[in-house]
Amino acid sequence: MATTTRIPFFSLKGMVAEYRHDFMAAFSQELDAGQFILGKSVKDFEDEFARLVGVTEAVGVSNGLDALSLSLAALDIGAGDEVVVPANSFIATALAVSSVGAKPVLVDCRLDHLIDPGLVEKAITSRTKAIIPVHLTGHPAAMDAILSLSQRCNLAVIEDAAQAHGSRYQGSYCGALGRLGCFSFYPTKNLGALGDGGMVTCHDKSLAQRIRRLANYGKQDRDTHLERGSNKRLDSLQAAFLRVLLSDLADKNRKRVELAKRYLHNLAACPGLSLPITHNECDPVWHLFIVRHPERDKLREALAANGVETLIHYSIPIHLQPAYKDLGYMPGDFPVAEELANTMLSLPFHPWLDDGEVSHIFGLVQRFCAAYGKGPRNE
Ligand SMILES: *Cc1c(COP(=O)(O)O)cnc(C)c1O
């Protein structure tokens, strides 16, 4: 393949091309239905999504961050409360906690990028009300340990499943394991809308009703507002587009799993390269494919020089973000998250990559690592 090949980290072109016709038909139907807020498509999408996750309740909301903050609010978590969240996540996980007035208490992750349950236990105080495990990159967190800890300490578990649509842990779907499950339909997620969207899942009808109310001005009926809610609803149009994609999600998830197998196989013998760590009890639907390398920046440059764009998820852990300066964390507080931040690299990874693109990526990584293996650093 020519070195002029440009492979962006992510592109929605393939997705749009595949579904354009179905999107247009859905759009046309919505125009005719004319119910752009809380229309039938929202209800239908909620029912279908609940069935997929294996829960009785699903509430469409405005985005993943709001799914998390509504969940916390519905559990009456607020000022004076603490919620344990991983230092290695997208910042929205912590922002949700801050948004309800509670304090995010960060803990380190393991080398598999997921929250370390042993450290969660150490972070629990008399103020702790909930734990938010994040199924990062589609890999389920250690839910057995987290759920038994939560039962022992009487804490709510809110799953951040924003990257894990269809991932399973011991056969159960992410989003059905804790008290509440939170999803994002940001366009680049495994199930992504043509704009913002989110969902909260649970097995508890009254909790779902509370979330629905909080997302709709705290409204009980046309005239009565039972509590001070906000406007955090899912649009009918987005629900209609998401229904198109949901009907094909199983196929796309299978493609991601197959693609991950190819990455794992083709990159297995690369000197210096650490591949993602997987667990037997999990059936992940891969959202990202993150490798680690001691010369990460040089690997990144070598790929960029050959047209391959990569990203780092996440280059600044939450405890070192300026936004959370007041929490008082210091470099060195979460050594694993910091080690990952310095060595990890996300390769382009999505179901619309073609064979040529995938081979091009493999070839470049293999070549870089072979040269590294021959270098003075190799023991
Ligand atoms: C994307 C994401 C969110 C936030 O979702 P939005 O829909 O973008 O608000 C929260 N947590 C994680 C882990 C995410 O990846």
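**Reading burial, pockets and the ligand site**

Colleague: Ser167 lies in the loop between strand E5 (156-160) and strand E6 (168-169). This is a predicted model. Is Ser167 buried or exposed?

Modeller: Start with the cut-off. Buried means under 20% relative accessible area. Now the case here. Ser167 has a relative accessible area of 0%, so it is buried.

Colleague: Which residues does Ser167 touch, not counting residues up to four places away in sequence?

Modeller: Gly138 is on that list too. Ser167 also touches Pro140, Ser172, Tyr173, Cys174, Asp283, Pro284 and Val285.

Colleague: Let me try another loop residue. Where does Ala193 lie?

Modeller: Ala193 lies in the loop between strand E8 (180-184) and strand E9 (198-202). Its relative accessibility is 1%, so Ala193 counts as buried.

Colleague: How do I compare separation along the chain with separation in space?

Modeller: Take a pair of residues and read both values. Ala193 and Ala239 are 46 residues apart along the chain, and their C-alpha atoms are separated by 7.9 Å. Now take another pair. Leu234 and Ala87 are 147 residues apart in sequence, and 29 Å apart in space, C-alpha to C-alpha.

Colleague: Which residues are in contact with Ala193, leaving aside its neighbours within four places in sequence?

Modeller: They are Phe185, Tyr186, Pro187, Gln238 and Leu242.

Colleague: You mentioned Leu234. Where does Leu234 lie, and in which kind of element?

Modeller: Leu234 lies in a loop, between helix H7 (205-214) and helix H8 (236-246). Apply the burial test again. Leu234 has a relative accessible area of 2%, so it is buried. Then read its contacts, leaving aside neighbours within four places in sequence. Among them are Val42, Phe45, Asp196, Ala239 and Leu242.

Colleague: Now the open spaces. How much space lies in the largest pocket?

Modeller: Read the volume, then the lining. The largest pocket holds about 610 Å³. 32 residues line it, and Phe90, Tyr186, Thr188, Lys189 and Tyr314 lie nearest its centre. Helix H3 (64-74), helix H4 (92-99) and strand E8 each give two or more residues to this lining.

Colleague: How do the residues of that lining divide by class?

Modeller: There are 18 nonpolar, nine polar and five charged residues in the lining of the largest pocket.

Colleague: What is the volume of the second largest pocket?

Modeller: Its volume is about 460 Å³. It is lined by 20 residues, and the closest to its centre are Gly166, Arg168, Ala250, Asn253 and Val285.

Colleague: Which helix gives the most to the lining of the largest cavity?

Modeller: H9 does, with three residues. Helix H1 (13-33) also supplies at least two.

Colleague: How much space lies in the second largest cavity?

Modeller: About 70 Å³. Residues lining the second largest cavity include Asp112, His113, Leu136, Pro276 and Ile290. The lining divides into six nonpolar, three polar and one charged.

Colleague: Last feature. How many residues surround the ligand?

Modeller: Count the residues, then look for polar contacts. 13 residues surround the ligand, and the closest are Gly64, Asp160, Gln163, Ser184 and Lys189. Lys189 is also one of the residues nearest the centre of the largest pocket.

Colleague: Which atom of Gly64 is 2.7 Å from an oxygen atom of the ligand?

Modeller: A polar backbone atom. Leu65 has a polar backbone atom 3.0 Å from a ligand oxygen. With Gln163, look at the side chain. An N or O atom there is 2.8 Å from an oxygen atom of the ligand.

Technical notes:
Residues are numbered from 1 along each chain as its sequence is written. This is a predicted model: local features need pLDDT of at least 70, side-chain atom pairs count only at pLDDT 80 or more; totals for chains, interfaces and linings use all residues. Side-chain values use heavy atoms; hydrogens and water are left out. Helices (H or I, at least four residues) and strands (E, at least two) are DSSP runs, numbered from the N terminus. Buried means under 20% relative accessible area, exposed over 50%, partly exposed in between (1.4 Å probe, protein chains only). Contact means heavy atoms within 4.5 Å. On a 1 Å grid over the protein atoms alone, a cavity is a set of points where a 1.4 Å probe fits but cannot get out, and a pocket is an open set with protein on both sides within 12 Å along at least five of seven lines; lining residues have an atom within 4 Å of a point. Grid points are joined across faces, edges and corners, and a volume is the space filled by probe spheres set on the points. Ala, Val, Leu, Ile, Met, Phe, Trp, Tyr, Cys and Pro count as nonpolar, Asp, Glu, Lys and Arg as charged, and the others, Gly among them, as polar. A residue is near a molecule or strand if one of its heavy atoms lies within 4 Å of it. A polar contact is a pair of N or O atoms within 3.5 Å; within protein, one must be able to donate a hydrogen and the other to accept it, and residues adjacent in sequence count only if both atoms are side-chain atoms.
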